[in-house]
Amino acid sequence: MSPLAQIFDRAFQPLAAAVAAERIPGGVLGIVDRNGDRITRAIGSAQLVPKQRPMREETWFDLASLTKVIFTTPRILALAQDGAIDLDAPLVSVLPDLRQYDASAWERKVTFRQCLGHQTPFPAVEPIYTYGRDPDLLRAFILQREWRARDPVYSDINFILLGFALERLSGKTIRDMEPGPGFAWSAEPDLAAATEDCTWRHRVLSGEVHDDNCAALQGAGHAGLFGTAASVLDFAQGLLTGASERSIAPMRTPLSATRTHGWERPYDGWSGGALCSPQTIGHTGFTGTGLWIDFDKGKAWTLLTNRIHPTRHFDSGIVALRQAVGDLINGVR
């Protein structure tokens, strides 16, 4: 058995245990190294209600906030490298109508870099979808709302605004943009991992975006991307080899004790476990997804689950599961 296979077998055990304990319906674990060697394995169910379907290695997942790092961050960084935007310029350099009726509003001073690093006073989340379902009206609402300033936290609003900037610069909505090789903005329901029995859409979601705000906006920079374990690992391998993106360095450049441009970096209690090298970046998604890339050790892993199916209102143990998988991949002390 190869060393990679040995690592994989032990890291798969917590996922198998979580499925056996019915903490999550199912999942797919995948590992890839810099040389392209990879292993993936699926377990459990892609859907439980109203019908049951098995999880497969090829199952499509709603990647949720992995959209931030797989889609939005690379495009913002590429625009900066091309000179189309200045990361330290305020968003109004592209979105001049942001809080346009108050020239002194703090929102008009927020920069691209601050949004990438979640260093703004925006709230963590806002139920934007409760204000209506007209995507153009909701965009205007977000741009003109007087947001209450607070201490900086991880905020979807940061990446919703970065998505608006991408739309403004390209003249296309996000859903009209190319999502990237192996990715999509939706999936065939019978080929996707089901998410929640949605209380405002009145159906079990499968192959359509779970995030309420992204659904109402009909595409946004913070969520909405779909992919398989293979496509996520392809993306990760591209970063490991430096071949797929021209703007990798900022993704690895710290902006705070916990964040780089777009990504998280290791800190006590983070999702990648305690044994990653300091040269690791990672991110998670609310639906139960995650991706971690260790540049020092030359490997990456993705854990994709449907932990919110059929409801988010249940302790799936996803935090501990992610950490356990990461520690076993990197060797338990």
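**Pockets, cavity and aromatic contacts**

The lining of the largest pocket divides into 12 nonpolar, 10 polar and 10 charged residues. Here Ala, Val, Leu, Ile, Met, Phe, Trp, Tyr, Cys and Pro count as nonpolar, Asp, Glu, Lys and Arg as charged, and the others, Gly among them, as polar. The model is predicted: local features need pLDDT of at least 70 and side-chain atom pairs pLDDT 80 or more, whereas totals for chains, interfaces and linings use all residues. Residues are numbered from 1 along each chain as its sequence is written, and side-chain values use heavy atoms, with hydrogens and water left out.

The largest pocket holds about 670 Å³ of space. Ser65, Tyr154, Asp156, Gly285 and Phe286 are the closest to its centre among the 32 lining residues. Three elements, α6 (212-217), β8 (280-285) and α9 (318-330), each supply at least two residues of this lining. The largest share, 4 residues, comes from α9. Helices (H or I, at least four residues) and strands (E, at least two) are DSSP runs, numbered from the N terminus. A pocket is an open set of points with protein on both sides within 12 Å along at least five of seven lines; a cavity is a set where a 1.4 Å probe fits but cannot get out. Lining residues have an atom within 4 Å of a point. Points are joined across faces, edges and corners, and a volume is the space filled by probe spheres set on them.

The structure also holds 1 cavity of 30 Å³ or more. The largest cavity has a volume of about 30 Å³. Its lining consists of Phe61, Asp62, Ala193, Ala194, Thr195, Thr287, Thr289, Thr305 and Asn306. By class, that is 3 nonpolar, 5 polar and 1 charged residues.

Aromatic pairs number 8 in the structure. Rings of Phe, Tyr and Trp (its six-membered ring) pair if their centres lie within 6.5 Å; planes under 30 degrees apart count as stacked, over 60 as edge-to-face and the rest as tilted. Tyrosine 129 and tryptophan 200 are stacked, because their ring centres are 5.1 Å apart and their planes at 25 degrees. Tyrosine 129 lies in the loop between α3 (112-116) and α4 (135-144), and tryptophan 200 in the loop between β5 (197-198) and β6 (203-204), so the pair ties together parts 71 residues apart in sequence. Tyrosine 129 is partly exposed at 23% relative accessibility, whereas tryptophan 200 is buried at 15%. Buried means under 20% relative accessible area, exposed over 50%, and partly exposed in between (1.4 Å probe, protein chains only).

The rings of tyrosine 267 and tryptophan 270 are tilted, because their centres lie 6.5 Å apart and their planes at 55 degrees. Tyrosine 267 is partly exposed at 31%; tryptophan 270 is buried at 1%. Ring pairs also link Trp106, Phe122 and Trp147 into a cluster.

Two arginines sit over rings. Arginine 252 lies over the face of phenylalanine 295, 4.2 Å from the ring centre. The charged end of arginine 307 sits over phenylalanine 286, 4.6 Å from its ring centre. The criterion is NZ of Lys or CZ of Arg within 6 Å of the ring centre and within 35 degrees of the ring normal.

Arginine 99 lies in the loop between α2 (66-81) and α3. Arginine 99 is buried, at 8% relative accessibility. Beyond four places in sequence, arginine 99 touches Ala105, Glu107, Arg108, Leu143, Gln144, Arg145 and Glu146. Contact means heavy atoms within 4.5 Å. The C-alpha atoms of arginine 99 and glutamate 146 are separated by 7.3 Å, at 47 residues apart along the chain.
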